[in-house]
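Thanks for coming. I will take a few residues one by one, so please keep the sequence and the model in view.

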Amino acid sequence: MATSKFQALWNHPAGPKTIHFWAPTFKWGISIANIADSTKPPEKVSYPQQIAVTATGVIWSRYSTVITPKNWNLFSVNVAMAATGIYQLTRKIRHDYFSEEQAAMAKE
C-alpha cells in the first residue's frame with residue numbers, strides 16, 4: 001500500500017523528479033523569510049523587493065491554476081507571497097506617509 005502511494009507520488013507529473021515540485025518548495029523559503037522580516041523596523045523594508053514579491057505572488061497565483069498538471073503547492077505558496085508582500089508594503093507605506101502626517105498634526 002505505502003509502496004504504491006510512494007510510486008504514484010514519485011511518478012506523478014508534478015512529482016519530485018520535476019521542477020514543478022521543487023520550485024514552490026524554494027519559494028516557501030522566500031515567504032518564510034518575508035514573515036521573519038516582519039520583526040524588522042519599517043525603515044529597513046525595501047519597496048522594490050516587496051513590490052516584486054507581491055507581483056510575483058499575484059501573477060503566479062492566477063497562472064498556477066491554468067497550467068497542467070494543477071500544482072496546488074505552487075498556488076498556495078504564491079498566495080502566501082502575495083499576502084506577505086502586501087502586509088510588508090502596507091507597513092512601509094503606513095510608516096513613510098501616515099506617521100509623518102500624524103507627527104505634523106501633533107505639533108500644531
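K92 is buried, at a relative accessible area of 8%. Buried here means under 20% relative accessible area, exposed means over 50%, and partly exposed is in between, with a 1.4 Å probe and protein chains only. This is a predicted model, in which local features need pLDDT of at least 70 and side-chain atom pairs count only at pLDDT 80 or more, while totals for chains, interfaces and linings use all residues. Residues are numbered from 1 along each chain as its sequence is written, and side-chain values use heavy atoms, with hydrogens and water left out.

What does the side chain of K92 meet in a salt bridge? The partner is D96, at 3.6 Å, N to O. A salt bridge is a side-chain nitrogen of Lys or Arg within 4 Å of a carboxyl oxygen of Asp or Glu. D96 is buried too, with a relative accessible area of 18%. Helices are DSSP runs of H or I, at least four residues, numbered from the N terminus.

The salt bridge count is 2. D37 and K40 also form one through their side chains, at 4.0 Å, N to O. K40 is partly exposed, at 33% relative accessibility.

Now to helix α3. That helix covers residues 47-63, and T54 lies in it. Is T54 buried or exposed? T54 is buried, at a relative accessible area of 11%. Its side chain reaches the backbone oxygen of G85 at 3.4 Å. With neighbours within four places in sequence left aside, T54 is in contact (heavy atoms within 4.5 Å) with M81, A82, G85, I86 and L89.

V58 is also in helix α3, but V58 is partly exposed, with a relative accessible area of 46%. The C-alpha atoms of V58 and F75 are separated by 9.8 Å, and the two residues are 17 apart along the chain.

I59 lies in helix α3 as well and is partly exposed, at 45% relative accessible area.

Note on methods:
Helix = DSSP H or I, 4+ residues; strand = E, 2+ residues; numbered from the N terminus. Polar contact = N/O pair within 3.5 Å; in protein donor to acceptor, adjacent residues only side chain to side chain.
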